[in-house]
Amino acid sequence: MLRRTFTTFVACGFVAVASVGFAAAASPKPIYKVDSVAASIHGNKLTIIAAGAVSTGGWSKARLRLKPHKPEANTLEYEFVATPPAPEAMVVQVLIPVTATLVTKLPPYGVTQIKVDADSNSTTADITR
């Protein structure tokens, strides 16, 4: 009986540790740097294309995430994020290029620029038609 209880306890501990490690790896984080941003209006949609780099291999699902902004601001800010590799993953230690494209609704009246933030820098681009 004691052995079965101990085995169950150890198994639950492994599951808890594995799920915590998986949850930490699944959370998007800012990429290392953003190199370029382009924003344009096509029809009734705003298209934003950003290029940058992550600091190691193994990153996935790069995307742009809208940051809160003031209604009177003329700039919409986005954060360039991606899902990092699992902490125990073996990855190459080199800058890897990543891109993200976002097609969204038209910006509010008066917005003329898009700013994209990364971990080490940010880049701003005018919205073109």
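Isoleucine 41 stands opposite leucine 46 of strand β3. This model is predicted, so local features are described only at pLDDT of at least 70 and side-chain atom pairs only at pLDDT 80 or more, while totals for chains, interfaces and linings use all residues. Residues are numbered from 1 along each chain as its sequence is written, and side-chain values use heavy atoms, with hydrogens and water left out.

Strands β2 (residues 33-42) and β3 (residues 45-54) pair in the antiparallel sense over nine bridges; two strands count as paired if DSSP finds at least two bridges between them. Two residues lie between the strands of this hairpin, and glycine 43 has a positive phi near 65°. β2 also pairs with strand β8 (residues 122-128), in the parallel sense and over two bridges. Here alanine 39 is opposite isoleucine 127 of β8.

## Overall make-up

Helices (H or I, at least four residues) and strands (E, at least two) are DSSP runs numbered from the N terminus.

Of the 129 residues, 29% count as buried. Buried means under 20% relative accessible area, exposed means over 50%, and partly exposed lies in between (1.4 Å probe, protein chains only). The accessible surface comes to about 8500 Å², and carbon and sulfur atoms account for 62% of that area. Areas come from the Shrake-Rupley method with a 1.4 Å probe, and for residues only the protein chains shown count as cover. Among contacts (heavy atoms within 4.5 Å) between residues at least 6 apart in sequence, 67% join residues at least 24 apart.

## Nonpolar core

A nonpolar core is a set of buried Ala, Val, Leu, Ile, Met, Phe, Trp, Tyr and Cys residues joined through side-chain atoms within 4.5 Å. The largest one holds 22 residues, of which Val37, Ile48, Leu64, Phe80, Ile114 and Val116 touch the most other members. At least two residues of this core come from each of β2, β3, β5, β6 (96-105), β7 and β8.

With neighbours within four places in sequence left aside, leucine 64 is in contact with Ile48, Ala50, Tyr78, Glu79, Phe80, Ala100, Leu102 and Val116.

## Salt bridges

A salt bridge is a side-chain nitrogen of Lys or Arg within 4 Å of a carboxyl oxygen of Asp or Glu; four are counted by this rule. One of them joins lysine 33 and aspartate 35, whose closest N and O atoms are 3.3 Å apart. Lysine 33 is partly exposed at 25% relative accessibility, and aspartate 35 is partly exposed at 46%.

Another joins glutamate 79 and arginine 65, with the closest N and O atoms 2.9 Å apart. Because glutamate 79 lies in strand β5 (residues 75-83) and arginine 65 in strand β4 (residues 60-66), the pair ties together parts that are 14 residues apart in sequence. Arginine 65 counts as partly exposed, at 29% relative accessibility.

Aspartate 117 and lysine 67 form a salt bridge with a closest N and O separation of 2.8 Å. Aspartate 117 is in strand β7 (residues 113-117) and lysine 67 is in the loop between β4 and β5, so this pair ties together parts that are 50 residues apart in sequence. Aspartate 117 is buried, with a relative accessible area of 10%, whereas lysine 67 is partly exposed at 28%. Salt bridges with shared partners join Lys67, Glu77 and Asp117 into one network.
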